[in-house]
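Colleague: I am new to this structure and would like to go through it with you. Can we take it one question at a time?

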Amino acid sequence: MWLCRPSFRKTMKVSKNQNSSRQGAKAQTGSLFFRNASQILTLAGPPGPRRGKALSELGIVSRGAVLTQGVRVLDVGSTRALEAKARRLKAEAIDCRGWVVMPGFVDSHTHLVFAGSRVGDYEARLRGETYEEIAREGGGIKLSAERVRQASIDSLVRQAQGFLEQFAAHGTTTLEVKTGYGLEITQELKLLEVVLRLRKMSQLELVPTLLAAHALPAEYSGRSDDYIETVIRDLIPTVARKRLAEFIDCFCDRGAFSVDQCRRVLAAGKQQGLVPRLHAEQLTSSGASRLALDFKAASADHLDQLSSADIRAFARSDVVATLLPGANFHLGLKNYPPARKLIDAGAIVALATDFNPGTSPTPNMQFMLSVACSAMRMMPAEAINAAAINAAWALRRAARLGSLEPGKQADLIVMDVSDYREIPYYFGVNHCRMTVKAGKVVSPQ
Ligand code: NIG
Ligand code: FE
């Protein structure tokens with residue numbers, strides 16, 4: 001995996017101020033001028049998520065520039081129009097060499113924190129076992145939970161930090177982070193402690209979600225209601241009181257938890273101020289997406305098994321349908337979530353990696369665009385909106401993130417293509433040459 005061609009680095013004039021603020025926790029105060037882009041994808045538009053035809057609108061400025069001040073976007077326009085203003089501000093110029101500049105990716109569904117990997121499960125699947133068979137035999141989520149129990153906080157932080165560098169190098173500026181490999185109260189709290197440390201250390205924005213109802217711990221075998229009660233009674237109040245998570249999620253599916261159990265967890269979380277989101281209809285058509293709709297959840301994720309009536313219900317709702325085609329790809333499935341039908345019906349569609357050790361071990365949102373286009377027939381422009389502004393909606397951050405407009409946060413990436421459609425088209429390579437978070441260059445370091 002290459003991060004940056006040396007020839008590009010030479011032309012990247014990054015000020016001393018910029019360098020020093022990168023190392024410390026100081027807020028960025030300087031101004032950056034990203035000039036000579038072939039296309040700025042502003043994703044600007046009316047407030048609200050992008051649905052239907054609006055999902056194809058990227059608000060492109062040709063031969064464009066972005067001027068930042070401090071953590072915010074000050075202006076977006078043609079390079080020529082912004083040149084004088086940038087000079088007046090003594091902005092540091094970054095020559096974008098005819099490439100594409102766009103908002104940083106918002107990855108609204110990841111399971112960032114786990115110990116080790118599950119390459120053994122991967123090989124077992126390649127030999128023909130299914131995801132659910134492996135889970136029943138003691139692999140799957142429970143295997144990751146066993147490893148988390150044995151791991152120290154420091155080692156979990158270290159592994160996640162390495163992944164965060166890869167997220168940044170591939171153009172992600174904000175990511176949701178779920179717990180879910182603890183599966184007991186103290187271990188879930190340990191994972192939240194890891195997330196807290198990562199939030200303090202990382203230059204990326206991490207959004208924590210409690211996913212204690214991910215799999216049934218072995219000690220509760222045959223007593224899943226008891227585990228759910230423990231989560232509701234002993235975990236959710238602590239997490240809410242200490243503000244350790246913003247969202248509450250459950251894995252609502254065959255082999256995980258029932259609609260009724262997940263309803264109880266989401267209700268308890270919501271009552272304590274956590275916003276619901278849900279793993280829904282991945283393996284079976286269970287009614288989970290209706291549960292998410294009932295709760296007006298921030299998002300319902302996976303959605304492989306949606307019925308036509310479900311699709312119509314999403315189109316009428318504000319619940320983001322977050323599609324995770326990396327999981328289908330990695331599991332070697334023939335079928336993918338019904339992206340086309342959802343978009344054509346008018347649902348709010350987002351894309352995310354589902355980064356996790358079992359079904360989607362990639363931090364690369366660019367690859368999600370490629371799979372979304374090639375396997376789900378999304379158009380490149382739709383995929384880009386789904387991976388930025390609609391994903392920001394799914395994390396309730398669209399007023400600040402997900403598009404390049406004056407006043408919004410300066411989270412942007414420089415991609416070494418001259419036409420945005422080449423991002424999914426040249427697949428499996430990293431096009432990202434620079435990642436800027438809140439007006440600071442965070443990759444390359
Ligand atoms: O989103 N579906 C449930 N959870 C994850 C997989 C977790 C794992 O296998 O470790 C997912 O695909
Ligand atoms: Fe997931």
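Colleague: In which helix is Thr238 found?

Modeller: This is a predicted model. Residues 224–241 form one helix, and Thr238 is found within it. That element is helix 9.

Colleague: Is Thr238 buried or exposed?

Modeller: The relative accessibility of Thr238 is 16%. A residue counts as buried under 20%. Thr238 therefore counts as buried.

Colleague: Which backbone oxygen does the side chain of Thr238 reach?

Modeller: A polar contact needs a pair of N or O atoms within 3.5 Å. The side chain of Thr238 has a backbone oxygen at 3.4 Å. That oxygen belongs to Asp234.

Colleague: Turning to the ligand, where does ligand 1 sit?

Modeller: The shell around ligand 1 holds 15 residues, and Arg118, Tyr131, Tyr181, Gln282 and Thr359 come nearest. By type, the shell divides into 4 nonpolar, 9 polar and 2 charged residues. As for the site, ligand 1 sits in the largest cavity.

Colleague: How much of the area that ligand 1 exposes when taken alone does the protein bury?

Modeller: Side chains make polar contacts with oxygen atoms of ligand 1: Tyr181 at 2.6 Å, His302 at 2.9 Å and Asp354 at 2.9 Å. Taken alone, ligand 1 exposes 330 Å². The share of this that the protein buries is 100%.

Terms used. Residues numbered from 1 in each chain as written. Chains lettered and ligands numbered in written order. Predicted model: local features only at pLDDT ≥ 70, side-chain atom pairs only at ≥ 80, totals over all residues. Heavy atoms only, no water. Near = heavy atom within 4 Å. Polar contact = N/O pair within 3.5 Å; in protein donor to acceptor, adjacent residues only side chain to side chain. Areas by Shrake-Rupley, 256 points an atom, 1.4 Å probe, with all protein chains shown as cover. 1 Å grid on protein atoms, 1.4 Å probe; cavity = no way out; pocket = protein on both sides within 12 Å on 5 of 7 lines; lining within 4 Å. Sits in = over half its atoms within 2 Å of the grid points. Nonpolar A, V, L, I, M, F, W, Y, C, P; charged D, E, K, R; others polar. Helix = DSSP H or I, 4+ residues; strand = E, 2+ residues; numbered from the N terminus. Buried < 20%, exposed > 50% of the residue type's maximum accessible area, 1.4 Å probe, protein only.
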